[in-house]
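Here's a friendly walk through one structure, one region at a time. Keep the view open and follow along as the names come up.

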Amino acid sequence: MKSNTLAIGLVVLAVIFVVLGGLYYEGVLQIAVSDPHAAHHTTHAILFTVLAVASLVAANFARERTV
Amino acid sequence: MTLGQALFMGLLQGATELFPVSSLGHSVIIPSLFHWQFKQSDPTFVPFLVLLHLGTAGALLVLYRDQWIAIIRGFFTAAVRGRITTPVERLAMLLMTGTIPAAILGVFLESRIKSLFASPFVAAGFLVVNGLLLLGFEQLRRRAERRAALDAKPREEQEESFAQAERISFRAAAVIGACQALAFLPGISRSGVTIGGALVAGLRHQEAARFSFLLATPTILGAGVIEVPQLFSSRVPIGEYLAAALLSGLAAYASARFLLRYFRSGRLDPYGLYCIGAGALSLVLLTFRA
């Protein structure tokens, strides 16, 4: 399915994932964590970074090509 | 935990991680049956499990080293190009598709589910359920063989009529990946649900096992690597744990080699029957020893 709109949506999603990853790493977000007192939630941060990369890869697949 | 117990647990983990019989279920039930008193809440127990998992993941990386090099190269090539042109690039993207749901569910649910159900009775019950699932997957496969008029043919010919891992759909890969979350329940086998799911998706048994093992590698490795900092705690008897991890890796390597050969013509039935029998026997023993 090729669509520039979908590709842009996936890039926006990647940015959201990066922000969420940063917030988890800084301990600002405490949703669904095993230890709410931990200063950093590294596992969650890594997960959202991976999701951001996956979204960018998906965006590259989704974009329409001119050639 | 004594050295003997650590080595036994390493062997058990390595052998049962890849067989469709639930390593977690066995590692919950067996110490309880032997009345081993080591506490799973001990701060050194998590690093122990981490090393055992790294041993298993290391064995899978060694077993599939050439394929992993090709898969990683294929992933980056396809990701940059934005198009899949070769079977190995497709396999790389399928593995990514399958790993993401497992990673999300693992990060958000694993510790809660494991702590909720970490009782030998529950594990024994789920071991029976795992056996029924394996038999169910094989029933679905036999139905597919009958539909394709393959039931009268020799096993090798039946198997050749089904697909290779690269032919699986992306939706099926995502569903199979998400099914790995069922293995957070002690007694349900990660390889069992992924091999079974891949069979239902139309793969031959050997390819289903290969896809399951490839899919397990990033999940097991990722879960292990994230916990590595815990290994640097001064109370961890690193020498004993490394010996257990080595044993776990050797057992996993031997298990994977055996299973890949077995699944050329073998089915999941014996493992299903084993799980039902072992689960039922464990329930009886645990009830009388309680």
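## A well-covered helix

Let's start with helix α9 of chain B, residues 190-200. Helices here are DSSP runs of H or I with at least four residues, and strands are E runs of at least two, both numbered from the N terminus. Ten of the eleven residues in α9(B) are buried, so the helix is mostly covered. Buried means that 20 or more other C-beta atoms lie within 10 Å of a residue's own; 12 or fewer makes it exposed, anything in between partly exposed, and the C-beta atoms are placed from the backbone. Among the buried ones are B:Arg190, B:Val193, B:Ile195 and B:Leu199.

What do they pack against? The buried residues of α9(B) pack against α1 (3-18), α6 (120-147), α8 (170-179) and α10 (205-226) of chain B. Contact here means C-beta atoms, placed from the backbone, within 7 Å. Just after α9(B) sits B:Gly202, with a positive phi of about 105°.

A word on the model: it's predicted, so local features need pLDDT of at least 70 and side-chain atom pairs count only at pLDDT 80 or more, while totals for chains, interfaces and linings use all residues. Residues are numbered from 1 along each chain as its sequence is written, while chains are lettered from A and ligands numbered from 1 in the order in which they are written.

## Inside the core

The largest nonpolar core has 95 residues, and B:Ile168, B:Ala198 and B:Leu203 touch the most other members. Such a core is a set of buried Ala, Val, Leu, Ile, Met, Phe, Trp, Tyr and Cys residues joined through C-beta atoms within 7 Å.

B:Ala198 also belongs to the buried set of α9(B). Leaving aside neighbours within four places in sequence, B:Ala198 has contacts that include B:Ile176, B:Ala208 and B:Phe211.

## Two helices crossing

Now look at α1(B) and helix α3(B), residues 45-63: their axes come within 10 Å and cross at roughly 45°. That makes α1(B) oblique to α3(B), since angles under 35 degrees count as roughly parallel, over 145 as roughly antiparallel, 65 to 115 as roughly perpendicular and the rest as oblique.

Which residues meet there? B:Gly10, B:Gln13, B:Gly14 and B:Glu17 in α1(B) meet B:Leu52, B:Gly55 and B:Thr56 in α3(B). By class, that contact has one nonpolar, five polar and one charged residues. Ala, Val, Leu, Ile, Met, Phe, Trp, Tyr, Cys and Pro count as nonpolar, Asp, Glu, Lys and Arg as charged, and the others, Gly among them, as polar.

## Where the chains touch

The contact between the chains takes ten residues from chain B and twelve residues from chain A. On the chain B side, the largest share, seven residues, comes from helix α5(B), residues 87-117. The residues on this side divide into eight nonpolar, two polar and no charged.

B:Ser22 isn't a glycine, yet its phi is positive, near 75°. You'll find B:Ser22 in the loop between α1 and α2 (23-33) of chain B. Is B:Ser22 buried or exposed? B:Ser22 is buried, with 30 other C-beta atoms within 10 Å.

B:Ala149 also isn't a glycine and has a positive phi, about 55°. B:Ala149 lies in the loop between α6 and α7 (155-160) of chain B and is exposed, with 9 other C-beta atoms within 10 Å.

Terms used:
Contact = placed C-beta atoms within 7 Å. Axes fitted to C-alpha atoms, helices over the stretch in contact; angles between N-to-C directions.
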